[in-house]
Amino acid sequence: MVPFSYTSVADPQAAVRRTSEGHGVEFIAGGTDMLQLLQEGVRAPLELVDINGIGFDDVSVAVDGVRIGAMARLADVADHPVIRERFPVVAEALHESASPQVRNMATVGGNLLQRTRCLYFRDVATPCNKRVPGSGCPAIEGQNRINAVLGGSPDCIAAYPGDLAVALIAADAELMVVGPKGERTVLVEKLHRQPGSTPHVEAVLEPGDLITAIWIPIAAGGRLSHYLRVRDRATFEWALASAAVSLGFEGTRVLEARVAAGGVGTTPWRLRAVEELLVGRDLDRALAHEAGERAADGARGYGGNDFKIPLLKKTVTRALMRVGGISPGEPA
Amino acid sequence: MNVPLKAIGQPVSRVDGPDKVQGHARYAAEFDQPDLMHAAMVLSTIPSGTITAIETKAARSAPGVHAVITHENAPRLPYAPMAKRPQVDAQGGDQLKVFQDPTIRFNGQPVAVVVAETLEQAVHAADLVRVSYEHADGHTTFDRARGRAPSRGNEKAGRPADTEIGDADAALKSAAVSIDANYVQAREHHNAIEPHATIAAWDGDHLTLHDKTQWPDNDRDEIAHVFGIKKENIHVVSPFVGGAFGSALRTWPHVTVAALAARVVQRPVRLELTRRQCYTSIGFRPHTEQRVALGAAADGTLTAIVQEAFGQTATYEEYAETTLDPARNTYACPNVRTRYRLIEMNTNSPCPMRSPGVATGMLALETAMDELAVALRMDPLELRLKNYADRDQHKNLPWSSKELRACYRVAAERFGWSERTPEPRSMRRNGHLIGYGMATAVYPSHRAKASAAATLLRDGTALIRTAGSDMGPGTYTSMTQVAAETLGLPVERVRIELGDTDMPYAPVHGGSITMASVGTAVQAACQALLDDLAGVVKASPDPRLAAFKAGTPEWRDGGLAGPGGVISFAELMEGLGFDRITAEGQSAPGNESKTHSSAAFGAVFAEVEVDPDFGTVRVPRIVGAYDIGRVVNPKTARSQCVGGMVQGVGMALLEQAEWDERFGRPMNGNLAEYVVPVCADIRSLDVTFVPGEDTIFNPLGVKGVAELGLSGVSAAIGNAVYHATGRRVREFPILPERLLMG
Ligand SMILES: Cc1cc2nc3c(=O)[nH]c(=O)nc-3n(C[C@H](O)[C@H](O)[C@H](O)COP(=O)(O)OP(=O)(O)OC[C@H]3O[C@@H](n4cnc5c(N)ncnc54)[C@H](O)[C@@H]3O)c2cc1C
Ligand code: SF4
């Protein structure tokens with residue numbers, strides 16, 4: 001642990017200024033990921049800027065969509081009646097995330113930017129390209145059961161661990177970002193970057209960029225949606241595989257489809273091939289299976305995580321069936 | 001005579017509960033004191049080699065730092081050999097000697113310690129220490145070909161390399177039905193809530209240690225030998241232990257590090273392991289691979305048991321387990337062969353973890369029994385009953401008590417075993433595959449020499465003191481009950497003090513021996529106190545006591561009964577003019593272990609629910625019935641069994657160190673990635689104790705419970721998974737991929 005200074009700010013501009021001007025300055029929100037990383041010596045900021053005082057912590061409903069403040073706590077968003085009714089995929093993704101204690105503390109902004117759970121990233125006794133660029137990637141030939149099967153590069157196969165971002169992609173959400181150059185919006189789908197040869201760069205945000213809110217367009221609320229995750233234990237664990245499904249129907253015919261997967265990709269992973277296959281067809285058990293089969297297109301296993309490929313297909317299939325109200329049938 | 005108030009057998013709530021929930025119970029790291037300094041260790045990051053350079057300049061000049069201790073500047077420590085290493089230590093090889101040489105024996109070995117004014121300063125400076133190594137070839141793979149027999153020390157400690165009665169291999173060949181399979185059980189870590197911590201303070205050549213330990217008296221002994229000082233000069237204080245499961249049985253190197261650091265800086269020093277350090281600075285349950293082959297006649301009568309185990313151990317120390325004990329005496333069988341081999345690896349030393357050896361051996365044996373039942377087309381419970389062991393055939397002794405038949409019957413009934421349809425995949429519910437499985441539970445009962453002091457105070461309350469520890473099972477409570485019952489006092493009028501080497505000697509708080517050992521010592525001390533008191537009363541000239549002198553004294557209702565009613569302890573003390581009167585009591589194993597074999601028994605039944613697509617397994621129900629002899633406190637005893645069931649869920653389905661062979665390091669050293677069961681994983685747990693007292697084993701009639709609670713649970717769950725899915729997973733934990741792939 002490197003000594004660092006701590007500043008608390010009261011408005012977004014101050015937060016942006018402090019972070020974009022200084023060297024090694026980072027935001028801290030709920031601190032649930034940051035503190036783990038500080039304690040283990042994975043991150044060593046010189047200054048932490050506490051943004052808990054800037055507001056942006058509520059959910060506001062407008063005619064054309066819902067705005068979730070970046071500082072809103074996971075628990076509050078999960079329990080918000082409009083989120084629960086109109087965007088179950090989001091409520092479900094949050095509701096089963098982490099534990100009640102973590103959900104009371106963690107913010108949605110921080111959730112989107114949580115770092116990978118890759119075992120080597122979190123243990124400073126080993127090399128890791130993401131933590132120390134150029135030091136190597138021991139996960140590729142090591143313990144990688146929780147790592148990604150989609151989007152990996154020869155330099156990094158870390159899985160993006162979070163759930164919320166996956167659900168938000170299925171809800172067409174975008175982020176409000178304030179930065180040194182002013183305000184802009186970023187589609188959640190575009191927030192994270194593939195590792196390529198620079199796995200230490202994870203998001204398209206620049207130093208000083210502050211997420212102030214998540215915007216979910218109302219149109220997504222007209223679709224049926226569901227978030228399904230599979231994990232070793234019943235709760236309090238990141239997903240081995242998850243699926244966020246949001247479908248617009250006319251009768252049983254799929255008019256519009258958003259399908260994304262978590263736990264399996266280096267970023268929250270949009271499954272366009274699955275979406276394309278669904279649109280214009282009647283969703284039944286057979287189609288759910290057919291679509292699920294496409295979920296792992298381009299996937300590659302590294303030994304320990306091979307099982308995520310069949311698991312991903314089955315997770316997507318099951319999530320589609322749930323949205324379509326189709327019983328999975330008796331096990332063979 | 002003592003007319004007991006019925007304190008024993010009552011579901012008394014934890015007497016230390018209020019202190020614990022209000023934060024008054026102090027744990028090792030919490031004994032703050034003036035001038036306390038903080039230590040942070042630097043651990044090796046390679047598994048095998050030599051330190052070629054260790055750069056400490058930056059650390060030494062970092063703010064707040066008082067000392068950086070490495071092998072280059074550490075005082076040489078005598079590490080005086082002990083006449084006989086205590087049973088809790090590895091019985092072969094030599095313990096790790098901290099900072100005495102540049103050799104690296106495992107990844108995570110302490111190579112330096114920084115002492116600073118604050119914890120943050122110490123941790124920061126520890127990061128600044130740069131260590132260079134010359135790598136050496138080591139062993140980081142579990143390679144059966146390197147298996148070797150345990151050395152003499154372990155042989156003598158009941159971990160023999162080879163045993164045989166009859167001719168098991170021949171019997172196996174000619175058996176009507178047989179199975180032969182290999183089982184793997186992952187390296188597991190204790191992960192008690194309280195991380196290990198030590199506060200060391202020297203006063204001249206006297207040392208006080210506030211330590212997390214399951215055996216204060218041995219802690220003192222070990223450190224006395226390390227520093228070459230008299231054990232009388234060391235005072236170990238450890239009133240509360242926040243869970244240990246065996247990880248605090250022995251004295252680990254970091255305790256020496258703390259004491260050494262305190263000596264160097266001449267101030268009290270606190271050293272607390274981080275969670276990740278707990279994966280290499282203390283022990284773990286060793287990765288074990290086993291072969292079990294069983295042969296039976298067509299009616300299910302066992303004709304052959306062959307069980308072979310390979311366990312991992314460190315290179316510097318030889319740790320071995322009683323993995324094969326269950327093979328030798330759980331079932332009646334004329335031909336039994338066991339073979340035990342150890343594989344040296346560059347790792348920190350393994351150590352006992354709840355139900356050490358036995359849980360591992362039972363996992364393989366009880367899974368194999370299930371496989372045999374399938375091969376025989378026989379009900380798994382029937383198979384167990386068919387081969388019921390009426391004697392300990394290995395020791396050739398009768399059991400001092402055994403109510404296992406009742407356990408099978410009661411648990412099967414409560415579980416609804418008769419509703420099980422034998423065919424795998426034949427039970428379904430809500431799109432899930434349902435499976436029922438069962439296993440036998442057993443854990444040998446031992447006792448050891450113990451002593452306690454009982455004091456009657458002027459106000460008529462009693463104080464019991466013994467150096468033993470309470471790592472959480474409820475020893476404070478059960479000892480209160482034993483004392484209350486023996487003295488004829490209500491439990492509220494008895495106070496217990498534990499965990500301090502100034503108190504009468506007590507054995508290790510482990511192996512489920514505490515009730516039978518310390519409990520009987522407390523009973524003896526209380527009885528001695530009453531006898532002494534009776535003597536004093538008899539000799540007293542006080543006319544008010546005259547009426548109480550005739551015949552055998554009758555102690556009841558908090559005092560001594562006489563013709564005119566009861567004179568309370570307080571009145572007695574007043575009459576005698578005493579402030580306090582103390583008596584000591586001892587207990588020790590007698591001849592019983594020569595004439596009888598003693599063990600606690602149980603039967604465990606589990607229901608699982610398997611998602612056929614995802615391979616995830618949940619456990620809606622576990623039912624256990626146990627024979628633990630006399631139940632001193634059904635509430636805390638139940639907690640032990642329930643806790644064992646939860647740990648069994650972990651062992652069966654979740655827990656494993658993810659070992660990297662290149663680094664020789666468990667990679668998931670934190671509670672987010674080393675997955676243990678959480679509340680949502682646990683649903684109905686049902687515990688019944690079958691009646692029984694074992695007064696052959698000890699005067700209290702108790703047997704042990706803690707270890708027993710874990711025995712058999714994971715096999716019952718694995719067997720249920722087979723029944724649900726038709727797939728026999730022989731590598732534990734049963735992760736989703738092991739059902740999905742493979
Ligand atoms: C045991 C455990 C289990 C968990 N399980 C799950 C799970 O199942 N699913 C899941 O999705 N998550 C899970 N989490 C992760 C948890 O949800 C995240 O740690 C949390 O949401 C992060 O939010 P925070 O406010 O605490 O972020 P912090 O830790 O404060 O910050 C995280 C990162 O985000 C940056 N940041 C924070 N806010 C902003 C902002 N407004 N703009 C720009 N940058 C910002 C910080 O600089 C930092 O880099 C788990 C966490 C724990 C500890
Ligand atoms: S996968 Fe990425 S995060 Fe993990 S070790 Fe490799 S580089 Fe580091």
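Across the interface of domain 1 and domain 2 of chain A in this predicted model, 24 residue pairs are found in polar contact, both residues of each pair being at pLDDT 80 or more.

In chain A, a salt bridge joins the side chains of A:Glu189 and A:Arg272, with an N to O distance of 2.7 Å. A salt bridge is also formed by A:Asp172 and A:Arg223, whose closest N and O atoms are 3.0 Å apart. This second pair links distant parts of the chain, the two residues being 51 residues apart. A:Asp172 is placed in the loop between H9 and strand E6 (174-179) of chain A, and A:Arg223 in the loop between E8 and strand E9 (224-230) of chain A. Over all chains, a search of the whole structure finds 75 salt bridges.

For residues 1-221 of chain A, an unreviewed UniProt entry lists "domain: FAD-binding PCMH-type". In the model, residues 1-221 of chain A are 28% helix and 19% strand. The end C-alpha atoms of this span lie 45 Å apart.

Contact between the two chains takes 40 residues from chain A and 40 residues from chain B. The area buried between chain B and chain A is about 3500 Å², with 58% given by carbon and sulfur atoms. Between the chains there are 19 residue pairs in polar contact, with both residues at pLDDT 80 or more. The elements that give two or more residues to the side of chain B that touches chain A are helix H3 (119-128), strand E31 (659-660), strand E32 (665-666) and helix H18 (736-740) of chain B. The residues on this side of chain B divide into 19 nonpolar, 7 polar and 14 charged. The count of salt bridges between chain B and chain A is 8. A salt bridge is formed by B:Arg428 and A:Glu330, and the closest N and O atoms of this pair are 3.4 Å apart.

Chain B is divided into domain 1 (17-25 + 447-588), domain 2 (34-137 + 193-243 + 248-281) and domain 3 (145-188 + 284-446 + 594-741). The centres of domain 2 and domain 3 of chain B, taken over C-alpha atoms, are separated by 36 Å. In the contact of these domains, 23 residues of domain 2 of chain B meet 27 residues of domain 3 of chain B. About 2100 Å² is buried between domain 2 and domain 3 of chain B, and carbon and sulfur atoms give 54% of this area.

Across the interface of domain 2 and domain 3 of chain B, 11 residue pairs are in polar contact, both residues being at pLDDT 80 or more. The side of domain 2 of chain B that touches domain 3 of chain B has 7 nonpolar, 11 polar and 5 charged residues. The interface of domain 2 and domain 3 of chain B has 1 salt bridge. In chain B, the side chains of B:Arg250 and B:Glu317 meet in a salt bridge, with 2.8 Å from N to O.

Two features of the backbone of chain B remain. Most peptide bonds are trans, and most residues other than glycine have a negative phi. The peptide bond between B:Phe732 and B:Pro733 is cis, with omega about 5 degrees. B:Pro733 is placed in the loop between strand E34 (731-732) and H18 of chain B. B:Arg377, although not a glycine, has a positive phi of about 55 degrees. The place of B:Arg377 is the loop between helix H9 (358-376) and helix H10 (380-386) of chain B.

Notes
Residues numbered from 1 in each chain as written. Chains lettered and ligands numbered in written order. Predicted model: local features only at pLDDT ≥ 70, side-chain atom pairs only at ≥ 80, totals over all residues. Heavy atoms only, no water. UniProt positions renumbered as here; feature names shortened; annotations may be inferred. Helix = DSSP H or I, 4+ residues; strand = E, 2+ residues; numbered from the N terminus. Salt bridge = Lys/Arg side-chain N within 4 Å of Asp/Glu carboxyl O. Polar contact = N/O pair within 3.5 Å; in protein donor to acceptor, adjacent residues only side chain to side chain. Contact = heavy atoms within 4.5 Å. Buried area = accessible area lost by both parts, 1.4 Å probe. Nonpolar A, V, L, I, M, F, W, Y, C, P; charged D, E, K, R; others polar. Domains from an automatic or database assignment.
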